[in-house]
Amino acid sequence: MDDRTVETIVAEHHGSLGGMLSILTAIQSEYGYLPEDALRRMAAATGESLTDIYAVVTFYKAFSLKPRGKHLVSVCLGTACHVRGAPKIAEEFIGQLGIASGETTPDKEFTLETVNCLGACALGPIVVVDGRYYSNVRKNQVAEILKRTREGLDQPRENRRFPLSVRCPHCRQSLMDAAHPIDNVPSIRLTMSWDGDSQPLYLSSLHGSLRSVCERETPAHSITVLACPMCGQDLVGDSRCSECGADMARMTIDKGATLMVCTRRGCAGRRLNLETTPAEAD
Amino acid sequence: MITLTINGLDVSVEKGTTVLEAAQFLGFPIPTLCHMEGLTPYGACRLCVVEIGEGPGAKLVSSCTYPAEPGLKVRTASLRVMRARKMILELLLASCPQSKEIQDLASKHEITQQRFRQEYSDCILCGRCVRMCEEQMMAKAIGFRGRGEKRSIGTPFDVPSEVCRQCGGCIYVCPACSLRCTYTQPEKAICGGCANLSPPCLQKDSFDDMMCYMDPCVACEIKKP
């Protein structure tokens, strides 16, 4: 434990006790919980009695005196969630994690807690894992929630995977390339230009997959120009990526639906627009 | 000076006086439990409840924390007050039946039984010990912890406090465990629980400035050469 951290945090709050809650919050976000040693040092640094600090810490449920796991699972047991079967959900979590409410798994992965209301009663039974809300949770979703949390929340959330067949919006020729399959389906072949260098780029046509292949990799996060290999026209559309803000390349799917792909290398920004616009409808 | 009416009698008291003090000045008996002279009013036990105001606007307040106001009409023993007080005593009796102080108060109010689930807790959370420790002993070694039904009194982390001088003041003022801390009148002690505790002042040498709640102090007299 860094000996200076607590003193630094107290100093940042001007050493006054008016900020006891903010100091405690800062210490907790530093260590993940409130170690006894840190509280004693905080008492010494603020000049406040440890008894008063301890009273505040034990009063608020947001503070924990025990080490917490990497992931915090909060199951709502408020009235609305309760009548919608939240106790069964909580039981399922208790069973699958093998710990009681308020405890942490021995591998320090999960901390389970029950809360009394999250203020989102219409979505009940509601479960919050690491700040992500899962609504209308059913018992059979518990394992999936835990699995997804274990794997990491950065994984794409879309779990439906299906191949797309796209065409160039300008020359209306198919962009599918069966000679270079990715994910066992024909890939989408584009021409990628960056820094005066053009090369073919093969994208997985599987919706939900972010795999792509090119011969010479450009630096990560560089914005490229994606063009149709047939007519050579830039595919850039009029929308911007919701992940990074770069321009998105537009490709047409049957019946006027469009697939938007971010032009930034390595960006996960992809959007499937299923709305039919008359101009693009066949 | 503030003039208020207590049970129909006008009384003038100084600004800052509480209703309880004004009533006691007039000689009206108001039972108290968490109240203690020398400690700040806390209003935890609600036993000193009185009725203020008139008609439909009348309300029950704890007299130990309510400051005297000009023209205030106070009733210390109305039917409503007595009913509330008896209920409070019954509840106290339910949580801590072994306390001599609560038993005495209950019998004074002719309560011979209570109708709630019986508990045998040893604390009614009146906060006397907490205030004694902070205000009279200047230690602040114990305090309230947790909240709701998990609220308790004790030292942080349940380990002996560094600022505790083992003066025994907290035990001395406790209304729930008063049976085992009658140092000054050992002949009245019944349970003998204190026989294992050495008198705190015997450790006087280990503290620079030990204040003591006992005056005159038996242990110090014994120790005198």
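## Basis of the description

Axes are lines fitted to C-alpha atoms, for helices over the stretch in contact, and angles run from 0 to 180 degrees between N-to-C directions. Helices (H or I, at least four residues) and strands (E, at least two) are DSSP runs numbered from the N terminus.

The model is predicted: local features need pLDDT of at least 70, side-chain atom pairs count only at pLDDT 80 or more, and totals for chains, interfaces and linings use all residues. Residues are numbered from 1 along each chain as its sequence is written, chains are lettered from A in the order in which they are written, and side-chain values use heavy atoms, without hydrogens and water.

## Helix packing in chain A

Helix H3 (residues 36-46) of chain A packs against helix H4 (residues 50-59) of chain A at an angle of about 125°, and their axes lie 9 Å apart. H3(A) is therefore oblique to H4(A); angles under 35 degrees count as roughly parallel, over 145 as roughly antiparallel, 65 to 115 as roughly perpendicular and the rest as oblique. In contact (heavy atoms within 4.5 Å) are A:Leu39, A:Arg40, A:Met42, A:Ala43 and A:Thr46 of H3(A) with A:Leu50, A:Ile53 and A:Val57 of H4(A).

Buried residues (under 20% relative accessible area, with a 1.4 Å probe and protein chains only) of H3(A) are A:Ala38, A:Leu39, A:Arg41, A:Met42, A:Ala43 and A:Thr46. Their cover includes helix H1 (5-12), helix H2 (20-31) and H4 of chain A. After H3(A) comes A:Gly47, with a positive phi near 80°.

## The sheet of chain B

Chain B holds an open sheet of 5 strands in the order S2-S1-S5-S3-S4, with mixed pairing; two strands pair if DSSP finds at least two bridges between them. Strand S2 (9-13) and strand S4 (59-62) of chain B are the edge strands, each pairing on one side only. Neighbouring strands are turned by 40° against each other on average, direction ignored. Helix H2 (residues 79-95) of chain B packs on the sheet and touches S3, S4 and strand S5 (73-75) of chain B, its direction making about 155° with that of S3(B).

## Strand S3 and its partners

Strand S3 (residues 49-52) of chain B pairs with S4(B) in the antiparallel sense over 4 bridges, and with S5(B), also antiparallel, over 2 bridges. B:Val49 has B:Ser62 in S4(B) as its bridge partner, B:Val50 stands opposite B:Val61 in S4(B), and B:Glu51 stands opposite B:Arg75 in S5(B).

B:Val49 and B:Glu51 point one way from S3(B), B:Val50 and B:Ile52 the other way, and all are buried. The hairpin of S3(B) and S4(B) has 6 residues between the strands, and in this hairpin B:Gly53 takes a positive phi near 80°.

Notes. Buried < 20%, exposed > 50% of the residue type's maximum accessible area, 1.4 Å probe, protein only.
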